[in-house]
Amino acid sequence: MERGYSMIQMTLIQIDNYGPWTVTPRPRTESDLQILQARLFADLNSYFGSKKGLVFFTRFDNLLAISNGIDEEDHLRIQRSIRNKYPITVSMGVGAAETPHEAQKLATIALQKAGSAQSGERKEILAIDSLVDEENSFVQAAHIDINSVTETFTDIESAFDTSFSVNKAQHYLMTKLIKKGSLLFFIGGDNFMAPCNGLSEKEIENLMIEIDEEIGIKLKAGIGRAKNAEDAAYMADIGLEEIRAHNNGMWTWVVEKED
């Protein structure tokens, strides 16, 4: 894939005035709020996924999506669908940059300029800082998991202690990746997805070696490259399976989708 001025596009999705809504006219039950958040996350992934985007839950009332290939009208259509299906609305900010961290920062600033997350006046705003065109669209994503998590944690540690170790690995990964302009999201089990445009395979390998040395948790990563999030994530999954198939102690494997 020829890459000149390669850009990743990120969308911030924020539930409008969510905090006050959860306690008006009286506090809603926690189980109902958890159900709403889970269903909203699923629907957003369905909407963005239909356009080859990918949504991460982050804080559930604030979600981040890799949205390369999703234009202004697509975002507006998603907002309308949420309004028609839920008792809440969502606002969105969109930004594109050479690194994922910068892109989400631009998206966040654009939405912040439109009003507070807990403002009763701000409703269903679409604030676009920038969109990436197809020619310059590029997503690099690393699917990272813990080596032999079943044997080293799940089958011998308590469920909560295992979760603690997974969260510890996530914290160390996030701390190192954010310094390099990359992001990291927990995607279930012992798996993480890292949008990491601009990061070399060697840099990813080195930070995983550092984590092994610092906290004794061994990691591996499939790295996918494509024009959109869905294809990049799928290429990363293939890379991870290649590492498992070869079983030779490799840290990373890169798979790039041809145009």
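**Helices and an open sheet in a predicted model**

In H8, the buried residues (under 20% relative accessible area, with exposed meaning over 50% and partly exposed in between, for a 1.4 Å probe and protein chains only) are Ala229, Asp231, Ala232, Ala233, Met235, Ala236, Gly239, Leu240 and Ile243. Helices here are DSSP runs of H or I with at least four residues, strands are runs of E with at least two, and both are numbered from the N terminus. The model is a predicted one, so to speak of local features takes a pLDDT of at least 70 and side-chain atom pairs count only at pLDDT 80 or more, while totals for chains, interfaces and linings use all residues. Residues are numbered from 1 along each chain as its sequence is written, and side-chain values use heavy atoms, with hydrogens and water left out.

Back to H8 (residues 229-246): its 18 residues reach 26 Å from first C-alpha to last, close to the 26 Å expected at 1.5 Å a residue; that expected span is 1.5 Å times one less than the number of residues. Its buried residues pack against E2, E3, E6, strand E8 (191-195), E9 and E10, where contact means heavy atoms within 4.5 Å.

Buried in H7 are Ile204, Glu205, Leu207, Met208, Ile211, Asp212 and Ile215. Viewed down the axis, these fall within an arc of 165°, so they line one face of the helix; the arc is that of the directions from the helix axis to the C-beta atoms. Their cover includes strand E6 (139-146), helix H6 (159-178), strand E9 (219-226) and strand E10 (252-256).

Arg225 sits in strand E9 and, at 15% relative accessibility, counts as buried. Its side chain makes a 2.7 Å polar contact with that of Gln140 (a pair of N or O atoms within 3.5 Å; within protein, one must be able to donate a hydrogen and the other to accept it, and residues adjacent in sequence count only if both atoms are side-chain atoms).

Now for the sheet. It is open, with 5 strands in the order E2-E3-E1-E4-E5 and mixed pairing; two strands pair if DSSP finds at least two bridges between them. Strand E2 (54-56) and strand E5 (126-128) are at the edges with a single partner strand each, so one side of each has no neighbour in the sheet. On average, neighbouring strands are turned by 20° against each other, direction ignored. E4 (residues 90-97) and E5 run parallel and are joined by 3 bridges, and Met92 stands opposite Leu126 in E5.

Helix H3 (residues 72-85) packs on this sheet, touching strand E1 (8-15), E4 and E5, at about 155° to E4. Such angles run from 0 to 180 degrees between N-to-C directions, with axes fitted to C-alpha atoms, for helices over the stretch in contact. The buried residues of H3 are Asp74, His75, Ile78, Gln79 and Ile82, and they line one face, because they fall within an arc of 140° seen down the axis. Helix H4 (residues 100-112) lies across E1, strand E3 (62-66), E4 and E5, at about 140° to E4.
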